[in-house]
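Biologist: I have a model open and would like to learn how to read it. Where do we begin?

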Amino acid sequence: MPELSLHPDLRFFPDAASSVAGEYNWLFWALVFVCGAVTLGIACFVVYAAIRYRRRSDDELPPQIPGNMKLELLWTGIPLFLFMGMFAWGAVLFFDIERPPRNATQVYVVAKQWMWKIQYLNGEREIDALHVPVGEPIQLIMTSQDAIHSFFVPDFRIKQDVLPGRYTTIWFQAEKPGKYHLFCAEYCGTKHSGMIGWVYAMDRQDYQAWLSHGAAEGSLASTGEKLFHQFGCANCHHFDGHGPAPDLQGLYGRQVLLKDASPGIADETYIRQKLMDPKRTTVLGFENIMPTFDGQLSEEQVIDLIAYIKALGPGPGDRLPTSSGSTPQEYGTTPGIGEPGASGNAQTEPGIR
Ligand SMILES: [Cu+2]
């Protein structure tokens with residue numbers, strides 16, 4: 001791509017720095033070319049026809065043409081072929097973007113007016129900065145503390161709305177080391193334009209050094225474990241399967257049967273909803289005695305608890321009703337959310353329980 005730059009930070013076209021950016025560029029320019037060619041063709045034909053078929057005398061009557069099947073088929077068929085091709089190409093790329101690789105490293109993002117809070121599984125936290133290794137897939141699991149935000153890294157060609165009350169995800173793989181702009185792309189209040197950060201893509205070694213330099217207080221999961229006891233969750237959620245509330249081992253990613261017979265997937269959004277609005281759903285076979293933690297837990301703490309529940313392996317006292325023979329492999333994913341244990345981060349988790 002020709003580099004038309006006025007200033008290093010003011011570029012005509014963003015850098016292509018992620019694994020999908022190249023194909024995005026091809027698709028973008030193909031769309032520009034096809035749409036440009038069609039627009040130009042129609043405009044030229046309009047001018048040509050206006051001159052060639054203009055009325056030459058006041059009493060001139062044009063010949064009546066009843067129709068032309070060949071022509072109609074042609075001008076229906078060619079655009080259909082072109083536009084279906086664009087659709088298919090775009091759809092393939094869309095599915096690539098929406099489906100994180102199984103080995104993607106998960107990073108949590110909490111957006112708030114007006115900053116990006118980043119949380120790594122090892123407990124490292126930072127604001128308006130995201131450090132990632134080059135050549136490795138990263139999956140972001142994002143939520144908002146207030147308004148709707150949008151996580152946008154033009155150089156990576158990724159943009160995803162970040163919503164309060166649920167989790168959205170996006171994944172990318174940085175292809176070259178560098179510093180890339182992170183923007184909020186959804187107007188979210190007075191200082192929306194200042195909700196800017198940087199993504200630092202680093203070589204594996206530098207990344208490892210960066211990750212271990214920090215003074216993380218403990219992994220997200222271990223912080224979650226502390227909260228689990230601090231807030232009295234363990235009083236009801238026993239791990240021997242004999243408590244008044246479901247045993248949470250192996251819960252994440254599994255299908256959960258609810259009292260109204262509707263199946264639910266125990267993903268991040270489900271777990272958050274059980275914490276903040278527990279009366280909304282009741283798990284089949286249990287009384288709904290869960291108190292709400294709305295107003296008591298911050299979004300970061302909810303993420304700590306989710307990380308803890310994710311880190312809990314399946315246990316012997318597995319009492320949650322599931323449809324027969326269901327396994328995390330079968331029900332492991334909701335679109336875009338990684339499967340339990342699929343994040344490739346098991347090794348970075350300390351021995352929980
Ligand atoms: Cu914002």
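Modeller: Begin with burial. A residue counts as buried if 20 or more other C-beta atoms lie within 10 Å of its own. Keep in mind that this is a predicted model. In helix 4, the buried residues are Leu220, Ala221, Ser222, Thr223, Gly224 and Glu225.

Biologist: What do the buried residues of helix 4 pack against?

Modeller: Their partners are strand 4 and helix 6. Look just past the end of helix 4 as well. Gly232 has a positive phi there, about 75°.

Biologist: Let us take helix 6. How do I check its length?

Modeller: Count residues and compare spans. Helix 6 covers residues 299-311, which is 13 residues. At 1.5 Å a residue it should span 18 Å, and its end C-alpha atoms are 18 Å apart, so the two agree.

Biologist: How many residues of helix 6 are buried?

Modeller: A general point comes before the count. An α-helix has 3.6 residues a turn, so residues three or four places apart point the same way. Helix 6 is mostly covered, with 11 of its 13 residues buried. Among them are Glu299, Asp304 and Lys310, along with Val302, Leu305 and Tyr308.

Biologist: What covers the buried residues of helix 6?

Modeller: The cover includes strand 3 (105-112), strand 4 (115-120) and strand 7 (137-144). Helix 4 (220-230) and helix 5 (268-276) are also included.

Biologist: How should I read a nonpolar core?

Modeller: In soluble globular proteins, nonpolar side chains tend to be buried together. Here the largest nonpolar core has 52 residues. Val107, Val109, Leu140, Met142, Phe156, Ala307 and Ile309 touch the most other members. Helix 6 gives the largest share of this core, eight residues.

Biologist: Why does this core lie between domain 1 and domain 2?

Modeller: Both domains give residues to the core, so it lies between them. Domain 1 is 12-46 + 67-216, and domain 2 is 220-348.

Biologist: Which residue is the bridge partner of Met142 in strand 10?

Modeller: Thr168. Strand 7 and strand 10 pair antiparallel over six bridges. Beyond its neighbours within four places in sequence, Met142 is in contact with Val109, Ala111, Phe151, Gln160, Val162, Tyr167, Thr168 and Thr169.

Biologist: How many bridges join strand 11 to strand 12?

Modeller: Five, between antiparallel strands at residues 178-184 and 197-202. Leu182 stands opposite Gly197 in strand 12. Strand 11 also pairs antiparallel with strand 8 (residues 149-153), over two bridges. There, Phe151 has Cys184 as its bridge partner.

Definitions and conventions
Residues numbered from 1 in each chain as written. Predicted model: local features only at pLDDT ≥ 70, side-chain atom pairs only at ≥ 80, totals over all residues. Helix = DSSP H or I, 4+ residues; strand = E, 2+ residues; numbered from the N terminus. Expected span 1.5 Å × (residues − 1). Buried ≥ 20, exposed ≤ 12 C-beta atoms within 10 Å, placed from the backbone. Contact = placed C-beta atoms within 7 Å. Pairing = 2+ DSSP bridges. Core = buried A, V, L, I, M, F, W, Y, C linked by C-beta atoms within 7 Å. Domains from an automatic or database assignment.
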